[in-house]
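Biologist: I would like to learn how to read packing and domain contacts in a model. Can we take a case and work through it?

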Amino acid sequence: STTRIAFIGLGNMGGPMAINLARASFAVQAFDLDAAACARVAEHGARIAESALAAVEGAEVVISMLPASRHVESLYLGGAGEPGLFDALPAGTLVIDCSTIAPASAQKLAEAGKARSLAVLDAPVSGGTAGAAAGTLTFMVGGDESALARAEPILDRMGQNIFHAGGAGAGQSAKLCNNMLLGILMIGTSEALNLGRSLGLDPAVLAGIMKKSSGANWVLEKYNPVPGVMDNVPAARGYSGGFGTDLMLKDLGLALEAAIAKRAPVPLGGLAESLYAAHSAAGNGGLDFSSVITALEGRPRP
Ligand code: NAD
């Protein structure tokens with residue numbers, strides 16, 4: 001019979017991920033606080049529920065894609081007198097949180113789930129909104145092997161690469177390392193492209209050269225921050241959609257918090273955090289993180 005999946009959080013990432021599951025003929029019951037986000041997913045065959053609690057009714061699998069730790073903890077564990085979903089889910093339910101949150105938060109959820117006989121995985125993703133839409137995400141999974149085996153046929157419809165990083169929280173640890181590097185690469189790539197423009201180079205020509213040289217990286221391949229170089233990237237649409245500056249800032253905060261706790265030196269991670277924080281404070285928190293190139297130009301944002 002068709003696996004019934006509850007999907008909570010239908011934003012830039014969760015929306016296209018839920019749509020891919022609905023297209024793969026899973027019975028998807030979806031919920032987001034934002035009605036417009038729900039409407040986009042409803043067009044592709046998901047049923048929209050009135051609340052998160054209504055969405056999980058009859059579901060064997062629950063997937064969440066929310067902004068940060070506090071949203072995920074309050075969804076599942078409740079708080080301020082409100083019950084969380086964990087109180088409502090029958091034993092055996094598989095819970096897959098795909099949000100990027102603190103490893104400690106993911107471990108707390110896994111322990112609370114275990115106490116209720118729920119199978120809980122942290123399964124943050126990489127690949128951006130284009131990867132979410134194309135079903136080519138990379139999943140970095142923390143938790144039990146047996147829970148991952150149950151999740152695989154579902155993750156397969158949203159992604160191309162599924163890695164078991166280790167026990168509970170290990171997926172989040174891998175994700176914060178990756179995103180710290182991405183945050184640094186976006187700034188470094190932006191500096192190089194800006195310098196090239198100052199030297200009179202066409203940014204598209206320079207990007208083409210660096211993609212085949214030792215400066216090659218994901219930002220150049222998939223996410224060029226200069227408007228007009230690539231289609232279907234946030235730079236081509238005024239830095240709307242994509243991966244918000246404030247979400248990158250959150251991820252760098254998670255990386256720095258972890259680094260401080262373990263006494264791991266991350267000087268460029270710290271500098272990147274400061275630059276995105278200044279960019280956000282200047283009013284750009286809601287724009288895609290590639291808009292940081294405009295702050296490095298020393299010119300007003302577009
Ligand atoms: P987003 O802000 O576009 O979407 C988040 C959605 O969650 C919103 O639609 C919001 O209304 C909804 N929401 C918040 N609280 C809710 C609640 N209690 N119940 C139901 N819905 C609720 O964010 P996004 O870009 O989709 O990112 C989601 C997560 O994925 C974040 O943790 C982010 O760091 C991570 N991520 C994002 C990208 C990217 O490229 N955008 C890539 C990889 C990972």
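Biologist: Which residues touch the most other members of the largest nonpolar core?

Modeller: A nonpolar core is a set of buried Ala, Val, Leu, Ile, Met, Phe, Trp, Tyr and Cys residues joined through side-chain atoms within 4.5 Å. Buried means under 20% relative accessible area (1.4 Å probe, protein chains only). Here the largest core has 37 residues, and Phe7, Met17, Ile63 and Phe139 touch the most other members. A second, separate core has 23 residues, including Ile8, Leu75, Leu85 and Ile101. This is a predicted model: local features need pLDDT of at least 70, side-chain atom pairs count only at pLDDT 80 or more, and totals for chains, interfaces and linings use all residues. Numbering runs from 1 along each chain as its sequence is written, and side-chain values use heavy atoms, without hydrogens and water.

Biologist: What is Phe7 in contact with, beyond its neighbours within four places in sequence?

Modeller: Contact means heavy atoms within 4.5 Å. The partners of Phe7 include Met17, Leu21, Val28, Phe31, Ile63 and Met158.

Biologist: How is the chain divided?

Modeller: Domain bounds come from an automatic or database domain assignment. Domain 1 is 4–167 and domain 2 is 173–297. Their C-alpha centres lie 27 Å apart.

Biologist: What area do domain 1 and domain 2 bury between them?

Modeller: Interface size is often given as the accessible area lost when the parts come together. Buried area is that loss (1.4 Å probe), summed over both parts. Here it is about 1000 Å², 66% of it on carbon and sulfur atoms. In domain 1, Thr100, Pro103 and Met140 lose the most, together 41% of what that side buries.

Definitions and conventions. Buried area is the accessible area (1.4 Å probe) that two parts lose on being put together, summed over both. Buried means under 20% relative accessible area, exposed over 50%, partly exposed in between (1.4 Å probe, protein chains only).
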